[in-house]
Amino acid sequence: MVRRKLTTSDIQGIGMTSQRTRNRLIERLRVKNIAHEDVLRIMSKVPRHLFMDEALASRSYEDTALPIGHGQTISQPYIVARMTELLLASEYPLERVLEVGTGSGYQAAVLAPFVKKLYTVERIETLYLHTRELLYALDYRNIHCRLSDGSWGLEPEAPFDGIIVTAAPESIPQALPGQLAIGARLIIPTGAQNQQQELRMMTRLSETEYKTEIIESVQFVPLVSDTNP
Ligand code: SAM
């Protein structure tokens with residue numbers, strides 16, 4: 001829990017959580033072909049060490065996924081950068097975006113500066129409560145956290161100018177494509193656990209037409225659906 005007000009030095013970090021360590025992560029992302037300067041600039045500022053347990057803070061700027069409890073992980077910085085870049089490459093402005101799988105809130109914090117309103121949905125109540133409080137303490141006022149099964153999307157707030165899913169279903173949930181605005185993109189990993197998963201980008205071309213491209217191989221925790229949409 002975030003029990004006290006965060007100070008500037010909490011946010012800036014020290015030693016293994018310092019700005020110098022964040023800058024080294026940014027250099028590693030460049031080597032992996034992350035080229036969007038604004039994404040790199042934002043990621044050099046987001047204090048990833050505050051999005052995980054203090055016991056793991058010294059590893060927070062490694063380019064790896066790390067445990068956040070409840071069998072879940074904070075996504076690898078490379079994949080956060082890649083998914084954000086893909087969403088930003090859309091020719092339409094990102095006014096309303098949906099993230100499915102709030103988890104630690106790190107992906108939401110990286111995406112929020114590019115978006116007018118970011119809705120993020122989590123199904124585990126403890127994570128939802130903790131992350132909502134953290135994002136508020138860090139002054140993110142355009143992130144709207146919801147507790148629900150995101151495999152249904154978030155119909156009352158649709159259509160979205162982009163949807164990003166940070167857990168992997170075996171195939172694209174039926175409810176999501178119809179919640180995209182025309183021209184908008186759905187960025188989603190798909191595939192069974194312990195098998196090769198693929199990051200897909202689906203673009204809504206018209207009321208009825210969609211184009212899907214496979215971007216690269218990935219590894220995500222499963223999208224758990226309480227009721228099968
Ligand atoms: N975006 C997160 C981050 O930056 O830390 C990634 C978190 S983790 C890889 C995926 C998250 O998706 C977990 O917190 C998990 O509980 C959540 N999740 C899984 N199935 C879900 C569902 N059906 N609806 C909402 N969230 C779900």
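**Figure 1. Residues around the ligand.** In this predicted model, the ligand is surrounded by 26 residues. Ser104, Glu122, Asp149, Gly150 and Val224 are the closest of them. By residue class, the shell around the ligand holds 10 nonpolar, 12 polar and four charged residues. The ligand sits in the second largest pocket.

Figure 2. Strand β2 gives the largest share, which is three residues.

Figure 3. An oxygen atom of the ligand lies 2.6 Å from a polar atom in the side chain of Glu122. On the side of Thr166, an N or O atom of the side chain is 3.1 Å from a nitrogen atom of the ligand. Arg123 takes part through its backbone, where a polar atom is 3.5 Å from a nitrogen atom of the ligand. The ligand taken alone exposes 600 Å², and the protein buries 99% of that area.

Figure 4. Arg30 and Glu27 form a salt bridge, with their closest N and O atoms 3.6 Å apart. Both residues belong to helix α2 (residues 19-31). They are three residues apart, or about one turn of the helix.

**Figure 5. Asp10 and its surroundings.** Asp10 is part of helix α1, which covers residues 8-12. A polar atom of the Asp10 side chain lies 2.9 Å from the backbone nitrogen of Thr7. His49 is 39 residues away from Asp10 along the chain, and the C-alpha atoms of these two residues are separated by 9.3 Å.

Figure 6. Pro159 is placed in the loop between strands β5 (143-147) and β6 (160-165).

**Figure 7. The backbone at His70.** His70 is not a glycine, yet its phi is positive, at about 60 degrees. This residue, His70, is found in the loop that lies between β1 (66-69) and β2. Strand β2, at one end of that loop, is the element that supplies three residues to the shell around the ligand.

Terms used. Residues numbered from 1 in each chain as written. Predicted model: local features only at pLDDT ≥ 70, side-chain atom pairs only at ≥ 80, totals over all residues. Heavy atoms only, no water. Near = heavy atom within 4 Å. Polar contact = N/O pair within 3.5 Å; in protein donor to acceptor, adjacent residues only side chain to side chain. Areas by Shrake-Rupley, 256 points an atom, 1.4 Å probe, with all protein chains shown as cover. 1 Å grid on protein atoms, 1.4 Å probe; cavity = no way out; pocket = protein on both sides within 12 Å on 5 of 7 lines; lining within 4 Å. Sits in = over half its atoms within 2 Å of the grid points. Helix = DSSP H or I, 4+ residues; strand = E, 2+ residues; numbered from the N terminus. Nonpolar A, V, L, I, M, F, W, Y, C, P; charged D, E, K, R; others polar. Salt bridge = Lys/Arg side-chain N within 4 Å of Asp/Glu carboxyl O.
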